[in-house]
Amino acid sequence: MTQNKRPLGYLGGDIMGFGSNLARQYEYDKFIEMGLPVDVYSPVQNKSINDKSNMTEEENNCLAEKITAADIERLWNSDFVVIEPAQTAIGTMCELGCLFGWKYMCDRLLEIAENAEEFPALAVIEEIKRMSKKDVYCHYFDIRTNHLNEKDWRRSFSINQLLYGMILYVEKNGDIETFDEIMEQLKEKYGGNN
């Protein structure tokens with residue numbers, strides 16, 4: 001946290017259902033009511049990505065990237081996080097996964113730096129390079145998946161948009177693939193019997 005800036009808090013939790021949405025609003029209002037000298041971000045307050053009523057089809061088709069950019073940037077920059085990790089809240093599970101991953105990575109990098117006999121910064125940089133080059137392949141199979149334009153409640157299949165945004169960010173080829181496509185790529189990269 002830099003000088004002269006108020007601490008930034010992040011309120012995480014399910015916002016998809018009516019009751020969950022009300023709970024997140026209650027938590028946000030409680031923070032404001034307490035008058036703490038902090039700024040608080042709650043995804044439920046971000047109408048630019050969470051108010052679907054005025055969204056165009058094109059805006060909706062880029063929603064995963066917008067949600068991921070907005071929420072993860074604020075999660076990254078927060079000084080504290082208050083989160084309800086309900087097992088059914090996939091987006092919240094993604095956020096908790098980020099928090100775990102960041103903490104784990106920081107602890108690991110500090111350990112590498114502390115144990116390096118020479119040039120701890122270079123040892124850390126090498127580990128960062130190694131981790132940033134890790135290939136991630138995501139596959140998903142559901143018979144309801146299709147590429148037809150679907151509207152409102154007529155959707156055959158959907159995936160949590162924060163989860164999908166993270167998949168788009170980490171997936172080696174930029175989107176969910178079939179298992180067979182991934183196996184072919186791995187065969188090309190590492191060789192194989194067939």
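Modeller: A residue counts as buried when its relative accessible area is under 20%, as exposed when that area is over 50%, and as partly exposed in between. The structure discussed here is a predicted model.

Biologist: With that cut-off, what percentage of the residues in the protein is buried?

Modeller: The protein has 194 residues, and its C-alpha trace spans about 60 × 55 × 30 Å along the principal axes. Of these residues, the buried ones make up 26%.

Biologist: In what order do the helices and strands run from the N terminus on?

Modeller: The protein contains eight helices and three strands. From the N terminus on, these elements follow the order β-α-β-α-α-α-β-α-α-α-α.

Biologist: Among contacts with a separation of 6 or more, what share comes from residues 24 or more positions apart?

Modeller: The count takes in the contacts in the protein with a separation of 6 or more. Residues 24 or more positions apart account for a share of 62%.

Biologist: Against which helices do the buried residues of α7 pack?

Modeller: Helix α7 covers residues 161-170, and its buried residues are L162, G165, M166, I167 and L168. The buried residues of α7 pack against α4 (63-77) and α5 (90-115).

Biologist: Are α4 and α7 roughly parallel or roughly perpendicular to each other?

Modeller: Two packed helices are described by the angle between their axes and by the distance between those axes. For α4 and α7 the angle is about 90 degrees, and the axes are 8 Å apart. Angles of 65 to 115 degrees count as roughly perpendicular. The two helices, α4 and α7, are therefore roughly perpendicular.

Biologist: Which residues make the contact of α4 with α7, and how many of them by class are nonpolar, polar and charged?

Modeller: Helix α4 contributes L63, A64, E65, I67, T68 and I72, while α7 contributes Q161, L162, Y164, G165, M166 and L168. By class, the contact of α4 with α7 has eight nonpolar, three polar and one charged residues.

Biologist: How many residues apart in sequence are the parts tied together by the pair E84 and R24?

Modeller: The side chains of E84 and R24 form a salt bridge, with N and O 2.8 Å apart. E84 is partly exposed at a relative accessible area of 38%, whereas R24 is buried at 2%. E84 belongs to the loop between β3 (80-83) and α5, and R24 to helix α1 (residues 18-34), so the parts that the pair ties together are separated in sequence by 60 residues.

Biologist: By about how much of the helix are E111 and R108 separated?

Modeller: E111 and R108 form a salt bridge in which the closest N and O atoms are 3.3 Å apart. E111 is partly exposed, with a relative accessible area of 40%, and R108 is partly exposed as well, at 30%. Because they are three residues apart in helix α5, E111 and R108 are separated by about one helical turn.

Biologist: Which residues does T92 contact, leaving aside its neighbours within four places in sequence?

Modeller: T92 lies in helix α5 and is buried, with a relative accessible area of 3%. A polar atom of its side chain lies 3.5 Å from the backbone oxygen of G13. Leaving aside neighbours within four places in sequence, the residues in contact with T92 are G12, G13, D14, I83, E84 and P85.

Biologist: What phi does F119 have, and is this residue buried or exposed?

Modeller: Most residues other than glycine have a negative phi. F119 is not a glycine, yet its phi is positive, at about 50 degrees. F119 lies in the loop between α5 and α6 (120-132). With a relative accessible area of 55%, F119 is exposed.

Methods. Residues numbered from 1 in each chain as written. Predicted model: local features only at pLDDT ≥ 70, side-chain atom pairs only at ≥ 80, totals over all residues. Heavy atoms only, no water. Buried < 20%, exposed > 50% of the residue type's maximum accessible area, 1.4 Å probe, protein only. Helix = DSSP H or I, 4+ residues; strand = E, 2+ residues; numbered from the N terminus. Contact = heavy atoms within 4.5 Å. Axes fitted to C-alpha atoms, helices over the stretch in contact; angles between N-to-C directions. Parallel < 35°, antiparallel > 145°, perpendicular 65-115°, else oblique. Nonpolar A, V, L, I, M, F, W, Y, C, P; charged D, E, K, R; others polar. Salt bridge = Lys/Arg side-chain N within 4 Å of Asp/Glu carboxyl O. Polar contact = N/O pair within 3.5 Å; in protein donor to acceptor, adjacent residues only side chain to side chain.
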